[in-house]
Every structure is written in structure tokens, then in C-alpha cells.
Amino acid sequence: MLVETATKSVAFYTLGCKLNFSETSTIARSFKQEGFDKVDFEEKADIYVINTCSVTENADKRFKSIVKKAQKSNDDAFVIAVGCYAQLKPEELAAVDGVDLVLGATEKFKITDYLNQLSKEEPTQVHSCEINEADFYVGSYSIGDRTRAFLKVQDGCDYKCTYCTIPLARGISRSDTLENVMDNARKISEQGIKEIVLTGVNIGDYGKGEFGNKRHEHTFLDLVHALDTVKGIERLRISSIEPNLLKNETIEFVAGANAFVPHFHIPLQVGNNELLGKMKRRYNRELYSDRVSKIKEVMPDCCIGVDVIVGFPGETDDHFLDTYNYLSYLNISYLHVFTYSERENTPAATMEGAVPLKVRKKRSKMLRGLSVKKRRAFYESQLGKTKTVLWEAENKEGFIQGFTENYVKVKTYWNPQLVNVLQHVKLLSIDEDGLVRIETVD
């Protein structure tokens, strides 16, 4: 039985990062061009596409349960796996019961080319390149799923962090042309979307590989200058950016920009210089502190998020307390805490001094608790101030939620007329659920 592309339905499930969401959205548009109807993943569909992640062990494990979910909706459906896990371990995914097609890093954007080859009776097909062949760029952006859009500007990474599989899954650092980025931003604006979040694997490296080689025509600073001129986009938000690539010039520009908002997410990973060296990170904690100080100097209300890894090989109690105490005193707003898990083909996986899982979990819990305190303190510092909220589309138990420009999550009583509206509000108090109550400001 072959798949006929007319009036068929397709559903998507995305694991992992904002970059994956932008790419899923782009893949979905290619299905639409082939005449497919997009439906929710919980609904019956002819094809289910799962965009995988392999940053954490947990993301790997979730894949099987998502496949079962698809089979429950339609046992005859075709299940296609794409993304990072599909590139790293294609045969492992192909062995999962119900999976019909696995596409690696370069093949995922050609997914519709494979549709007429699919047959449920055949063995699972695997199309996965050598990762050094992933040297071309495919632009992506997400629209239609949220009140904000994720705009991919860069892919791949040339860094050699000892714990990370992303270079193996996504290839070398390469960038979209500035012309294409601007074109995609304008397309997003035409949809009436008010906020764009810039995304990529290492967005501060933007410009490298813009023309299929290592020549830099533009820099990340050029990119933010250009995007700040796009008409109709009220907000531009920089997602995760490496501290060594976040330059003072960029911080100063964001502080006075038209659309860029005071919110940065800056990976730290660990607050101990010895372990930063073992991780092969390209900075020390003194540089990190300088970045935070500079941001707060020019944008006192700026929200700063931090990625942290606990349980890296060789992390002693003293190392961990060094990180904990450093973060306690640092003027940041919240943490994203990751528990280290061994990944095949990474140098860290064979390092001595493996931290027991029980200890990793305890340290993770401690840092998550610190994150709650940090976020609460940041929210408290914003009470009484007037900010602008972009209201989101979901009715959550009679309330509508949204984020201020500096990433304070707020709520008020549900009003469908507020969806995708920017509104000036005064931040009043923190509710039991940790969200901030507001009153409107004329």
C-alpha cells in the first residue's frame, strides 16, 4: 500500500528546543504544499512525524511512548522519525515497533520526497548521512502554533564541549544569509505575530558559513541591528547565547533598541573554573560575571536565565558548592537545570570520577530550589512597575497568561479579545501559583 498525497492528514510532535519547533513548523509547511491537512497529534492521522532530541537521556526514552501514542490513534498510520536522535542513532529508532521511516540531519527537509516510497509492509527505511555532509543551511521559522514565532538564524556548532552530542547531530556551524533572515522575519510579521525569538544551536556564531564557507560577511551584531528595523514586529527576543559571544556592543544595542527586549539566556553549565576547563567551555566564571554585570548596568530590570549542568564527571561536593554559592550571589533571574547523563561518543563519557545518580539528583533538586528562589526574588523586584504584556492564546482555568518584555509571567481573568494583544499593565502581587497579578494602565 503506497501513501497517496491527496487529502491525507499529518500530525507532528516536537521534542527538545526552540530550534526543533522552528524546523517542525517548516516541515509542516512542506506537507501543506503537498496537499496534506495538519491535525493535532492526539487525532487520527495518516502520517505522524516525530522530531526527536538527544540532549538528555530523558528525551531518548520519551520517543517510544510517543510512537505508542500515535499507534493508539491509528495503528495503520506511517510513523516518521527525524531530528537529532534520528541522526545519532538511526538504527536504534528504526528498531522501535511502529516506526516506518528514519531521516537524518540533511534528509529531514526533503521528507515529502520519500512519501510515495512508503509502504507499511516493508522494513523500516533509514536515510541518514555522514554528519560531515550536513554542511548546507535550511532556513526555518515557526508560525501558527503560538503568539510568538521562533526564527532560526543559525545551525550546527564548531565547539567541542566534552559532554555534548550536538555537533555530531547537527554538523558544523553555518548561518542563514541576512537577506533570508530578513525575508523570513517579514513573512512572520505579515501573519500578525508580535514577537520573534531568535534561535539556533550557537546563535552568537552567526555569520559563519553564511555563504557555504567560513567567510564572515555579517556578524551577530549586524543581525540584531538589521532585525530591529522590521516593521510590525513589536518584540525580538534573543534565545540562548554563549557568554563569550555576547559582546558589550550587543548588550548596549539591546538596551536602546526599538524591538529587542531585556531578556538574555546565557549558558553557564558550571560555576567552577576547573570543571569549565574539563568541559572545554570557552570562558571562565569571571567573564560570565562581567557579562551579567554589564547587562544589569545598562538594563537593571533585565531578566537573565542560566543553563546549569550538575553531576559532570569529577564534580566533587566542593565543586558543586562552588557553583551553588556562585549562583546564589549572582544577579540572575532563573535557572534551567540539567542532570548530566553519559552520551556515547563524547569525551566526558569515558572520564573518571563518575558522580553517583543519587548524588546527581540531589544536586539537581538543590539547584531547582535555588531557581524558584531566584525567580521569586526577581518577580518581587518588579512589583509596582509598569510593563508591557503580550497575552497568549490559551484559557487556563479561567485565566489568560502572558509575558512582560522582561519575561515576568503574568495572569488576569480570561478575555479572548486580549489574545495576541500588547497591553500596558502594573505588576501588583505574586499569586499562589507563582504568576503575577496585574492591573491595566491606560
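Me: Is Lys208 buried or exposed?

Reply: Buried means under 20% relative accessible area, exposed over 50%, and partly exposed in between (1.4 Å probe, protein chains only); Lys208, with a relative accessible area of 18%, is therefore buried. This is a predicted model, in which local features need pLDDT of at least 70 and side-chain atom pairs count only at pLDDT 80 or more, while totals for chains, interfaces and linings use all residues. Residues are numbered from 1 along each chain as its sequence is written, and side-chain values use heavy atoms, with hydrogens and water left out.

Me: Which residues form a salt bridge with Lys208?

Reply: Side chains of opposite charge can pair when their charged atoms come close. A salt bridge is a side-chain nitrogen of Lys or Arg within 4 Å of a carboxyl oxygen of Asp or Glu. Lys208 forms one with Asp158, where the closest N and O atoms are 3.1 Å apart, and another with Asp205, at 3.4 Å. Asp158 is buried, and Asp205 counts as buried too, at 9% relative accessibility.

Me: Which residue forms a salt bridge with Glu23?

Reply: The partner of Glu23 is Arg170, with the closest N and O atoms 2.9 Å apart. Glu23 counts as buried at 0% relative accessibility, as does Arg170 at 4%. Both belong to a network of salt bridges that also links Lys108, Lys152, Asp155 and Arg174.

Me: How many salt bridges are there in the whole structure?

Reply: A search of the whole structure finds 29.
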